[in-house]
Amino acid sequence: MKITIIGGGNIGTLMAAEAAAKGHEVTMFTSRPGDWNKEIQVYNNAEEPLRTGFLSGITDSLEEALEAADYVWVTLPAQLFSVFADKMLPLVHKGQKIGIIPGSGGAEFAFRHLIEKGCVLFGLQRVHSIARLRQYGKSVYELGRKPEMHIGAIPASDTAGICRGMEGIFDMPCRALGNYLSVTLTPSNPILHTTRLYSMFKDYKTGDAYPEQILFYEEWTVGASEMLLACDAELQKLCRVIPLDLSSVVSLADYYESRTADAMTEKIRGIKAFKGLVSPMKKVNDAWVPDWNSRYFTADFPFGLKIMKDIAGIFHVETPNIDMVWDWYEDAAMEDGTEVFNVDLTADEFLNLYKEQ
């Protein structure tokens, strides 16, 4: 198959290498083509080589990248979805499969005109593997593959076929979800990251500083777990109210098999693939302050938690803890002109997006 990848970060690089290693024609669209090799190497965390993929093309021309692609995998942060959807609209054609990796962030709203043009939109509920760049454009670490992929699509009738295709590319089972909303409401980064950042910086004031950069997961706190579990429970309440099958939106309490704050804290601190990951902070002189421009803030709040909050409003579900975390972000981090996704639909209009077609 001919596969185009938009976005050469952690997961985009890994997926490019994997698909190319299986013999598919992979084109990388990037604004920095001169920094890329056609040979992409994958390593494990012991610096042992796992596989090598050879890209068919590297380009900064979106028209060239999209022209003949069977699959287009978008691995950009959610705040860029609308921008790229507008750029892609005149270049895509009916039947192309546009995959959002991972699929949360309101992709079905941002790419709605591509769906209307006849493209199939699909999204992974979570990335199929944790990835970290080793050397930009040249090598990447694979730090832990999931046992299977979960995919939702619009139209939903295409999901099974996409799963078969992705299984062939990645040599792992793929479960077809009943609707794309099961992807949008997945409580991964939009709850995992936001509740941790709230607990970490809720008392921060301009002028404050920290002596060192905080480890995001290894120094996870009980307070972060308490807020995570509270927001997670509110999301599950919302899923029970929406008249769609959302049984595949697994709570974080179940996903991490941790139902108390102490158990959740111990679990998250001990995940090997998360070791060494630092919080979104920047150094100022000899101290550290929050980096409000990090995608942890600019994507996971306005294109993650905010979408869940808006959907809860559509269905009149109260979410006091989600509201608290969002209100803190608005007050603490949001600047004038910050792009925020708004779901401004009636309940019927909203549900029509996910109907079987």
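This is a predicted model: local features need pLDDT of at least 70, side-chain atom pairs count only at pLDDT 80 or more; totals for chains, interfaces and linings use all residues.
Local features need pLDDT of at least 70, side-chain atom pairs count only at pLDDT 80 or more, and totals for chains, interfaces and linings use all residues. Residues are numbered from 1 along each chain as its sequence is written, and side-chain values use heavy atoms, with hydrogens and water left out.

Rings of Phe, Tyr and Trp (its six-membered ring) pair if their centres lie within 6.5 Å; planes under 30 degrees apart are stacked, over 60 edge-to-face, and the rest tilted. By this rule there are 29 aromatic pairs. One of them joins Phe 109 and Phe 341: the centres are 5.6 Å apart and the planes are at 50°, so the pair is tilted. Phe 109 belongs to helix α4 (residues 107–110) and Phe 341 to the loop between α14 (320–332) and α15 (347–352), so the pair ties together parts 232 residues apart in sequence. Here helices (H or I, at least four residues) and strands (E, at least two) are DSSP runs, numbered from the N terminus.

Phe 109 has a relative accessibility of 13% and counts as buried; Phe 341 is buried at 13%. Buried means under 20% relative accessible area, exposed over 50%, and partly exposed in between (1.4 Å probe, protein chains only).

Phe 201 and Trp 292 have ring centres 6.3 Å apart and planes at 65°, so this pair is edge-to-face. Phe 201 lies in helix α8 (residues 189–201) and Trp 292 in the loop between β14 (287–290) and α12 (295–298), 91 residues apart.

Arg 134 lies over the face of Tyr 43, at 4.0 Å from the ring centre. Such a charge (NZ of Lys or CZ of Arg) is within 6 Å of the ring centre and within 35 degrees of the ring normal.
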